[in-house]
Amino acid sequence: MSTPDLLLDPQLKYWVLLPISFVMVLVGLLRSNITYLLQPGPKLEEYKAIREKQFLRRAACFRQNNGVLTTEEFENRRQYLIEKLNSTEFYAKVEDPNAESTNPLSDPSTNDALMNMAKGNMMNYIPQTLIMAWVNYFFAGFVIMKLPFPLTDGFKQMLQTGIETPNLNVRYVSSISWYFVNLFGLRPIYSLLMGDANAAAELVNQQQQQQPLPNIGGPGGPKASKLFQAEAENIQILTHKSIFDGIVDRVLDQHA
Amino acid sequence: MSDTSIALNNFLLLGSSGAFANFEPEQLLSNHDKLEQFLLSNGDSLSTLELYSLYELQFYLALLTKHDIEAKAMLDRLVDQFGANAKSQRLKLLQSIYLEAIGKRDEALALVNKSPNELKLARRLVTFGRKADSNDNEDYISTLTYYLDLQPTDLVTWSELGHEYSKIGHYDKAIYCFKEILLQDALIYPIFYKVGLNYYYNFLQEEKNLKTERKDKLLELLNILINSRNNYLRAVEIFDDYTKAWVGIYIITQLGSFNDKLKKLGDGGIKEVKEYLEYNEKLSKLSDKRIQELAQPEEYAKILNDIKK
């Protein structure tokens, strides 16, 4: 049985369809600007933490590239590094071994990260909830447009959310579905308006998915003392092979 | 790639690598003029990031070529874009460089001397310890070592410290510094050359102080020389067309009086010395051949002349 065509009021276009799109674009732009303003500037890492990392890196480099040293230099450096790695001289902060491990949620250094995450999420779902509530309140159950091309029944759920008409042709789109189509399909518009494809992509990504949890330090990160000790042990068992062994023959062969 | 994008990439690379710091004056001037033209004709089509990176490069080039006013204009553009009171270390760095260049040293110093966490500025601060008189660099060296204690993987500073030690004749310490660079990147052949050179200087220094011709002393010297030779050889092993290192090898093989002393030792039956002298002959021929291949004829003649002197 074929359903007769619905007659849609052309005014729907001007008073429902376009306003929904228009409001969504504007709110999206506003949100991106507010998020930008709320973003904290990059924080400087404390110099001691950097020193600790760099010293560890220096030790790791020694482990990898010690072939450039002569045997004597190798031994000197090895002794120096083992001594320093076993002392607390390069630790960013010396921890009390008797102190109990702290709760990561009460640690002030992780509060910042949590706060930023919360801010980001709020900026994400508050505007979306508001717009959706607005659409649902004013335009609940509206059929606002008819697509100019035929579609299979599989699209019914996507295009006719919010109206209970099992036999209605799939080509008719409900207001709340139009909202979802906009939510996922506005990227090109944003990139056009913002003049920057990357920023737009970021904006759309933010809308569509939860950001992954940032690594908030705390119990996951290994302790400096452990890393230092491991590196010291690695260096302890290192065998040295100099690149200068037999280098004359190698060069002479190269030109033979 | 079009010509414009090639030129753009070249300039961006120049800016990010900082290679212009080692340029000759003519090179600096020509790059400065080219970049000026490039900015005039292509400035509108660049992205913000590219444009301001080029402004930064042009700032340096303008300062180095004594275009103070232009440098100031570039700096103002950067400040206008990124804010005068911004926390940006990069911007503060440029401002302090400009202030120092126009003679306001104290203001420049005040600008970078604020927070111990601003490590990029800390490195800049270290350079204020440098004095025009190159023989009096003790303070500078101690600031450099202090800085390296905080930033043990800063290769530029290790190199600077190596040069400073080399200047005052502490060749062993200079070698230590250069080796520190090689530990982090084992393929930088110019550093191998520098290590070799410092070993050679060390050898000359020791030879000058040599009073006896005792066997152990000579063997000690030989060891230094072998180290020098090996580092040169490593440099040409990595980059075969490195003329400087070939010249270094050639010079080592031509040490007349010292080699004569060694010959006596070798005749005395010391295997190590015999081996060294055998290698010496082969390397002498090879390095001579390579220098001839690499250098222009008149350049080659000049090199030989210089060596003889």
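This is a guided tour of a predicted two-chain model, stop by stop, with something to select at each one.

**Before you start**

Residues are numbered from 1 along each chain as its sequence is written, and chains are lettered from A and ligands numbered from 1 in the order in which they are written. Because the model is predicted, local features need pLDDT of at least 70 and side-chain atom pairs count only at pLDDT 80 or more, while totals for chains, interfaces and linings use all residues.

**Stop 1: the whole complex**

Show both chains. The predictor assigns the complex an ipTM of 0.81 and a pTM of 0.76. Within chain B, helix α10 (residues 171-184) has the highest mean, 94, and helix α16 (residues 297-308) the lowest, 78. Helices here are DSSP runs of H or I with at least four residues, strands are runs of E with at least two, and both are numbered from the N terminus.

**Stop 2: chain A**

Select chain A. It has 10 helices and two strands, in the order α-α-α-α-β-α-β-α-α-α-α-α from the N terminus on. Of its 256 residues, 17% count as buried. A residue is buried if 20 or more other C-beta atoms lie within 10 Å of its own, exposed if 12 or fewer, and partly exposed in between, with C-beta atoms placed from the backbone. Among contacts in chain A between residues at least 6 apart in sequence, 74% join residues at least 24 apart. A contact means that the C-beta atoms of two residues, placed from the backbone, lie within 7 Å.

**Stop 3: where the chains meet**

Which elements of chain A give two or more residues to the side that touches chain B? Select α2 (47-65) and α10 (247-254) of chain A. The contact as a whole involves 26 residues of chain A and 24 residues of chain B. α2(A) gives the most to the chain A side, with 10 residues. By class, that side has 14 nonpolar, six polar and six charged residues. Nonpolar covers Ala, Val, Leu, Ile, Met, Phe, Trp, Tyr, Cys and Pro; charged covers Asp, Glu, Lys and Arg; the others, Gly among them, are polar.

**Stop 4: chain B overall**

Chain B has 16 helices and zero strands. Its C-alpha atoms fill a box of roughly 75 × 45 × 30 Å along the principal axes. Of the 309 residues of chain B, 33% count as buried. Among its contacts between residues at least 6 apart in sequence, 52% join residues at least 24 apart.

**Stop 5: α11 and α12 of chain B**

Select residues 189-209 (α11) and 215-238 (α12) of chain B. The two helices pack at about 160°, with axes 8 Å apart. The axes are lines fitted to C-alpha atoms over the stretch in contact, and angles run from 0 to 180 degrees between N-to-C directions. α11(B) is therefore roughly antiparallel to α12(B); angles over 145 degrees count as roughly antiparallel, under 35 as roughly parallel, 65 to 115 as roughly perpendicular and the rest as oblique. The crossing is left-handed, a term for a near helix turned anticlockwise from the far one by less than a right angle, with clockwise giving right-handed. Residues to show include B:Y193, B:Y200 and B:F203 in α11(B), and B:L225, B:Y232 and B:I238 in α12(B). By class, this contact has 13 nonpolar, five polar and three charged residues.

**Stop 6: α5 and α7 of chain B**

Next, select residues 89-101 (α5) and 119-127 (α7) of chain B. Their axes come within 9 Å and cross at roughly 20°, so α5(B) is roughly parallel to α7(B). This crossing is right-handed. B:Q89, B:K92, B:L93 and B:S96 of α5(B) make the contact with B:K120, B:L121 and B:R124 of α7(B). By class, it has two nonpolar, two polar and three charged residues.

**Stop 7**

- B:Q95 lies in α5 of chain B. It is partly exposed, with 19 other C-beta atoms within 10 Å. Leaving out residues up to four places away in sequence, B:Q95 touches B:L75 and B:L111.
- B:K66 sits in the loop between α3 (48-64) and α4 (68-82) of chain B. Its phi is positive, about 65°, although it is not a glycine. B:K66 counts as partly exposed, with 13 C-beta neighbours inside 10 Å.
- B:E293 lies in helix α15 (residues 271-294) of chain B. It is exposed, with 11 other C-beta atoms within 10 Å. The C-alpha atoms of B:E293 and B:D3 are separated by 33 Å.

Technical notes:
pLDDT is the predictor's confidence in each residue, from 0 to 100.
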